[in-house]
Amino acid sequence: MRKIHRWVAGLALLVVVALLALPTAASAETTQAAGGSGCAQCYTVKRGDTLSKIARQYGTTVNNLVALNGIANPDQIAAGTTICVKAKGSQPGGIYYTVKPGDTLYSIARKYGWTASYLAQVNTIPNPDEIYAGRVLWIPAH
């Protein structure tokens with residue numbers, strides 16, 4: 001009888017571990033979206049990755065990654081999740097700009113042909129009046 005109880009307890013533990021290893025519904029949804037026919041390039045999230053880090057690596061924005069993958073909470077991405085980093089037909093390009101003393105978001109936006117509100121959006125800047133020297137901004141290509 002004890003062998004049966006041990007066997008059942010071991011099986012129950014195995015089931016719990018297997019369930020914990022399964023991706024969450026949001027992760028599965030993201031993986032499905034990333035693997036769809038509209039994705040030109042995918043990336044598998046590694047431990048310690050953030051959407052900001054991935055966006056910088058692939059020359060895109062957090063907002064773009066969120067939209068491409070239907071991510072509900074940009075602050076929670078699971079290692080092992082595959083996301084789309086470039087949609088088919090999208091034109092990559094843009095530059096990184098390091099804010100200099102005296103720069104304003106408005107002056108930088110005007111220089112590159114964008115609005116300050118657009119640059120605030122693509123760089124997830126909550127207050128466009130509070131940028132600081134040394135901050136790196138993503139300036140998308142037209």
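Predicted model: local features only at pLDDT ≥ 70, side-chain atom pairs only at ≥ 80, totals over all residues.
Now β4 itself, residues 136–140. Of its 5 residues, 4 are buried, so the strand is largely enclosed by the rest of the structure.

Next, helix α5, residues 105–112. Which of its residues are buried? They are L105, I108 and A109. Looking down the helix axis, these fall within an arc of 100°, so they line one face of α5. The face turned away from that buried side carries Y106, R110 and K111, which are exposed. After α5 comes G113, with a positive phi near 80°.

The largest nonpolar core has 12 residues in all, and L105, I108 and A109 are among them, as are Y97, L119, L137 and I139. Two or more residues of this core come from each of α5, α6 and β4. I125 is also a member. Leaving out residues up to four places away in sequence, I125 touches L105, L119, A120, I131, R135 and L137.

There is also a second, separate core, of 11 residues, including Y43, A55, V66 and V85. As background, nonpolar side chains tend to be buried together in soluble globular proteins.

That's what I have.

Terms used
Residues numbered from 1 in each chain as written. Heavy atoms only, no water. Buried < 20%, exposed > 50% of the residue type's maximum accessible area, 1.4 Å probe, protein only. Arc of directions from axis to C-beta. Core = buried A, V, L, I, M, F, W, Y, C linked by side-chain atoms within 4.5 Å. Contact = heavy atoms within 4.5 Å.
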